[in-house]
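Dear colleague,

I am handing over the structure below, and after it you will find notes on what turned up in it. Please read them alongside the coordinates.

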Amino acid sequence: MRIRRDKRERLAEIGMEPYPVGVPVTTTIQAIRAEHGHHEPDHSTGQFVGIAGRILFSRNTGKLCFATLRAGDGTEIQAMLSLANVGEEALEQWKELVDIGDTVFVHGEVITSKRGELSVMADSWQMASKALRPLPVAHKDLNEETRIRQRYVDLIMRPEARQMARTRMAVVSQLRRSFEARDYVEIETPMLQTMHGGAAARPFVTTSNAFDIELFLRIAPELFLKRAVVGGIERVFEINRNFRNEGADSTHSPEFAMLEFYEAYADYRDMARTTRELIQEAAVAATGSMVVTHFDGTQLDLTGEWDEISLYEATSAAVGVELTPETSVADLRALCDKAGVDYAPGWIAGKLLEELFEHYVIPTFTGPTFVMDYPLDTSPLVREHRTKPGRVEKWDLYVNGYEQATGYSELVDPVIQRQRLVEQAELGAKGDAEAMKLDEDFLRALEYGMPPSGGVGVGIDRLLMSLTGLGIRETILFPLVKPER
RNA sequence: GGGUCGCUAGCUCAAUGGUUAGAGCUGCGGACUUUUAAUCCGUAGGUUCCGGGUUCGAGCCCCGGGCGACCCA
């Protein structure tokens, strides 16, 4: 650092700005590669360009220097500085003052070297931005903590990190196009809420000084999007951040991006089809194919129709006993004991069944799978199944072994919805911190009449995990980390 | 919340409780006009995450704390 600081001073002494307001670039490295990527070795194009890039490698010989320059899009080109072309002074200054990590400007002719490397043979050079800190060694992976804490360094060093930022945009913009093509309206609903709802999770709590009230960061936008449907926005979606005051691991982050969408006159099967199409369209936009190749080479096939299984039937088959909504808590506990599945004393039947399902059935999934028809008691916002009592019209979509999306035929009957939320409030009174609260304004909205509707939530970060094979802390550019020291 | 593992030079990693904590790359000085992680010669670089303890002696053992990873809940 100290030495590089001195070099910064030296640059000013010789009349070269270490941080100029701009440099006269005439083209991009990518454009040069596209136009001249095919030449034979030792070829001169006669074309003169000005380019800028960060130095990744440099190889200095006595009278000829080489440097690998990279642009922000990851494309690279070699810069060559020879005594004959830049003169003694400029060459000496280059060798003295330029380090790996600096961003430099080079003007010169596009050529290929004797070894065939596409290069710019400089006639002049200029500092574009002096790096005071050295880059890490390029040939070894940075440890994960540094990659996350200093993502800027990770982005410089690792193509996957750069690609992720672009993949996220490709996915999100394709989702918006897909919704636009289906006549959906995008809206934004409150992040700061006076009452949290729409999911089972603990919220972050804050206070409004002006109103002198407690506010919650939203755990889901669901109840507001439904208010919008009541109001006549019959196809509505939102892509935005949710916050849940829970632990972080390879599939959970305290703040995460969520897509929710609702469609009047659709049911959960319609929504499953739309969800599949949206994800397939996003996969093509992000990776070029519905058969997605991860960075580690494994493939995920998203083509065609996806598997669909029944929660109760699949779990029954796995445990060898017919399970129904009437199966007792005692029987389910016995099955959990037998399987070595731990459970808490207060867990209701539906929760125990879902644990058994996760233990036995999820590991058997081979591709994207819709799991159909969940227990009524764990799903307070879903309508009861039209033909299967004790169950609700809900699916969860699993990809790569984790929950990727969930879809409902929405509960729109205000009287039943009130009963369900009252039951939740009673669970909350018993100490379940994740139980839902009774949102009177939401119930009032339902009382004006909400059309029969389907609704879906899709985790955007998890969708990116599916499409890249990377962990959630790679899909989020700047994930929450505990402060250093 | 529980368990396991890790934290040593700018980076990636070594180092039976025992001499002055090492190596590669990076850096610095020198040589070199076609290199691709250039090469060759020389050289510098340390609060071993923090705080206690045991010991003649601690990077290593013990206790507490911090940060992270993985597994489990």
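Strand E7 and strand E9 (residues 213-217) run antiparallel and are joined by two bridges, where strands (E, at least two residues) and helices (H or I, at least four) are DSSP runs numbered from the N terminus, and two strands pair if DSSP finds at least two bridges between them. Glutamine 193 has phenylalanine 216 of E9 as its bridge partner. The three strands form an open sheet in the order E7-E9-E8, with antiparallel pairing. Strand E7 (192-193) and strand E8 (205-208) are at the edges with a single partner strand each, so one side of each lacks a neighbour in the sheet.

This is a predicted model, in which local features need pLDDT of at least 70 and side-chain atom pairs pLDDT 80 or more, while totals for chains, interfaces and linings use all residues. Residues are numbered from 1 along each chain as its sequence is written, chains are lettered from A and ligands numbered from 1 in the order written, and side-chain values use heavy atoms, without hydrogens and water.

RNA strand B is surrounded by 34 residues, counted as near if one of their heavy atoms lies within 4 Å of it; the closest are Lys7, Arg59, Ser113, Arg115 and Glu145. Of the atoms of RNA strand B that come within 4 Å of the protein, 59% belong to sugar and phosphate. A side-chain N or O atom of arginine 473 is 2.9 Å from a phosphate oxygen of RNA strand B, a polar contact (a pair of N or O atoms within 3.5 Å).

With regards

Key: Polar contact = N/O pair within 3.5 Å; in protein donor to acceptor, adjacent residues only side chain to side chain.
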